[in-house]
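Please look at the sequence and the structure first.

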Amino acid sequence: MKVEDYFERKKQKTEKSFAFLIERCPRSEKNPYSIKLCKPDLNRATVVLLSGTVSERSALRLSNGFLKKIDDFVFNICSFEKKDVQVCTAVCHFGKYLNPDMARRLLYLYYKDYRTYEGQMRNLEQAEIAEYAVPNYVADLYEQLIMPRLCDEKQNLLPFDIALQRMSKLVVITYCHGAYTWMKLEEQINLLLTGKNYTNHQKKRLLESITVVAYSPDCPLGYSNAQFISFASASDLSIRHGNGFVRYVHRNMFVEDFGLSFLPRKFGNVFYCAKYSKEGVEGNPIVFRHVDPKAWYENMHQPNAEIKEARIFEHDFLGFFPYPNMSNAASKMQQIAIFVLIGAIENSIAKKPRKLSVFSLVGGLMYNFWSFQIARIKGLVIILRYYWWARKPNRYSFADNVNFVSMD
């Protein structure tokens with residue numbers, strides 16, 4: 001069955017959210033867009049992309065576009081072999097009861113303000129509560145990606161060594177809302193392992209075996225037990241991390257030009273640059289451009305190769321190739337993200353995968369050593385300054401007064 005026919009049939013069958021996996025394949029009459037349904041191969045490393053939200057009418061096309069970028073990078077640029085690695089992406093449909101913006105807001109409240117979270121959940125209808133608590137599309141991905149790695153056909157937990165080997169073969173790339181998807185998947189993993197016959201150390205080791213490379217994650221950071229490493233622009237005010245960093249560097253009208261910074265695990269294992277674009281940082285002038293709101297709205301879901309190739313914006317997917325207008329800090333961050341992804345894939349196809357630290361993933365002593373050390377120092381200094389600033393009663397951040405809405 002063609003993927004597009006499968007997608008339409010699923011939408012007609014249910015009002016709930018759902019998800020399925022696709023992978024690239026040779027173009028044919030059956031697969032005119034070079035994609036087919038994917039079933040994860042437990043004998044190969046699985047690189048799965050959990051992407052952001054898109055409009056319903058363009059979900060399949062844009063998912064395929066993201067998949068092609070990852071597929072080309074893994075197989076054509078890095079020359080991994082298809083017998084060792086499988087690359088796929090999740091196509092997500094949010095249905096009638098789940099609003100992605102609301103879902104991310106509730107997740108943030110769940111970790112940061114549980115009392116408000118409870119109050120907002122009580123105001124929802126039962127079908128909505130079910131979707132926001134455990135989204136049906138997340139349950140679909142859990143069944144396809146996680147269950148076969150932890151359980152046998154009778155839903156019994158596998159021996160720890162087998163489960164660890166299978167979990168170590170999973171590498172996750174997220175973009176924006178995809179980080180929310182991973183956090184909800186991780187909640188289900190924790191529920192499965194609660195009270196079971198693995199020790200606490202083994203449960204922790206299973207999650208740490210999964211590397212998550214998170215681009216512009218829209219979720220609270222510092223709560224994942226996976227090897228969750230994030231990359232974001234501090235000028236991307238559409239996302240909330242809850243660690244105070246973005247609030248502090250926006251004390252004034254324009255973002256503080258701090259270069260490249262890294263915050264440790266407690267704050268999210270996150271790399272920040274002031275801006276992806278070089279405009280307004282690193283000694284470059286700020287450039288203001290006129291935007292026609294009508295044209296922007298009409299073309300917001302249309303591919304524009306000319307603009308995309310020429311410019312990078314603060315919430316864009318950072319990707320694997322430099323943009324002409326990219327800041328130096330963003331270029332360094334892009335290269336570090338590439339090292340993390342390649343290192344994670346190499347480890348996942350090894351006969352005996354190791355537990356990888358952030359230090360080893362970014363290049364260890366051989367690569368990016370000084371860039372990483374300087375970024376760590378800068379990050380810690382800014383966090384210390386933030387705590388001192390947060391004590392002031394008259395503190396003010398431009399980031400606190402910016403709100404975003406989605407228009408589909």
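## Overall form

In the protein chain, 69% of the contacts with a separation of 6 or more are between residues 24 or more positions apart. The model is predicted. It contains 15 helices and nine strands. The radius of gyration of the protein chain is 21 Å, close to the 22 Å that the globule rule gives for 408 residues, so the chain is as compact as a globular protein of that length.

Along its principal axes, the C-alpha trace spans about 60 × 50 × 50 Å.

## Inside and outside

Of the 408 residues in the protein chain, 52% are buried. The chain exposes about 20600 Å², and carbon and sulfur atoms supply 52% of that area.

## Helix H7

Helix H7 covers residues 160-167. Which of its residues are buried? They are Phe 160, Ala 163, Leu 164 and Met 167. Seen down the axis of H7, these buried residues fall within an arc of 100 degrees, so they line one face of the helix.

## A nonpolar surface patch

Met 253, Phe 254, Ile 286 and Phe 288 form a nonpolar patch on the surface. Together they have about 480 Å² of accessible area.

Phe 254 counts as partly exposed because its relative accessibility is 49%, and exposed means over 50%.

Conventions:
Residues numbered from 1 in each chain as written. Predicted model: local features only at pLDDT ≥ 70, side-chain atom pairs only at ≥ 80, totals over all residues. Heavy atoms only, no water. Buried < 20%, exposed > 50% of the residue type's maximum accessible area, 1.4 Å probe, protein only. Helix = DSSP H or I, 4+ residues; strand = E, 2+ residues; numbered from the N terminus. Arc of directions from axis to C-beta. Patch = residues over 30% accessible without salt bridge, like charges linked within 9 Å, V, L, I, M, F, W, Y side chains within 5 Å. Areas by Shrake-Rupley, 256 points an atom, 1.4 Å probe, with all protein chains shown as cover. Salt bridge = Lys/Arg side-chain N within 4 Å of Asp/Glu carboxyl O. Rg over C-alpha atoms; globule rule 2.2 N^0.38 Å. Contact = heavy atoms within 4.5 Å.
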